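I opened my notebook to work through a sheet and the strands in it. Here is what I looked up, entry by entry.

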Amino acid sequence: MLPEFRSRTLRGVRIVLSGFTALRKLHAEAWRVAKTMGATVQKSFIGSLRLPDNQCINTWMPSEFPSHLTTHIVTTSPTSLFESLHAQGVTGPLHGVRVVPLEWLWACS
């Protein structure tokens with residue numbers, strides 16, 4: 001892919017990388033690929049999570065910073081991510097956030 005097109009592939013996408021704890025080289029490569037394709041890689045999730053009692057936890061005030069909300073969680077294991085969230089009491093949708101496997105990022109490149 002031509003560099004000028006590659007740098008626009010993920011423009012406007014805000015990504016959090018999840019499940020890379022013991023995989024530092026893979027994390028670095030995923031970060032590099034995402035940045036090369038124009039994504040913003042965030043250190044932590046920015047958005048809202050819904051708890052079992054329907055309370056909403058905002059990790060950032062969405063109304064104040066809508067352009068900063070996480071759009072994608074790229075994970076090495078979507079199943080593990082959902083199990084982890086469920087164990088923490090998080091249920092329901094992640095309010096417009098797409099949880100995608102690492103292979104999605106490689107396919108975009």
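**Strand 5 and its sheet**

I started with strand 5 and checked which way its side chains go: His72 and Val74 point one way, while Ile73 and Thr75 point the other way, and all of them are buried. A reminder to myself: this is a predicted model.

Next I asked which strands pair with strand 5. Strand 1, residues 14–18, pairs with strand 5, residues 72–75, in the parallel sense over four bridges. I looked for the residues facing each other there. Leu17 sits opposite Val74 of strand 5, and Ser18 is opposite Thr75.

Then I turned to strand 6. Strand 5 pairs with strand 6 over four bridges, in the parallel sense. For Ile73, I noted Val99 in strand 6 as the bridge partner.

What is the order of the four strands in the open sheet? I wrote down 2-1-5-6, with parallel pairing. Strand 2 (40–42) and strand 6 (98–101) stand at the edges with a single partner strand each, so one side of each has no neighbour in the sheet. I also looked up the twist, and it averages 35° from one strand to the next.

Last entry: what packs on this sheet? Helix 2, residues 24–36, does, and it touches strand 1 and strand 2. I checked its direction too, which makes about 170° with that of strand 1.

Conventions: Residues numbered from 1 in each chain as written. Predicted model: local features only at pLDDT ≥ 70, side-chain atom pairs only at ≥ 80, totals over all residues. Heavy atoms only, no water. Pairing = 2+ DSSP bridges. Helix = DSSP H or I, 4+ residues; strand = E, 2+ residues; numbered from the N terminus. Axes fitted to C-alpha atoms, helices over the stretch in contact; angles between N-to-C directions. Contact = heavy atoms within 4.5 Å. Buried < 20%, exposed > 50% of the residue type's maximum accessible area, 1.4 Å probe, protein only.
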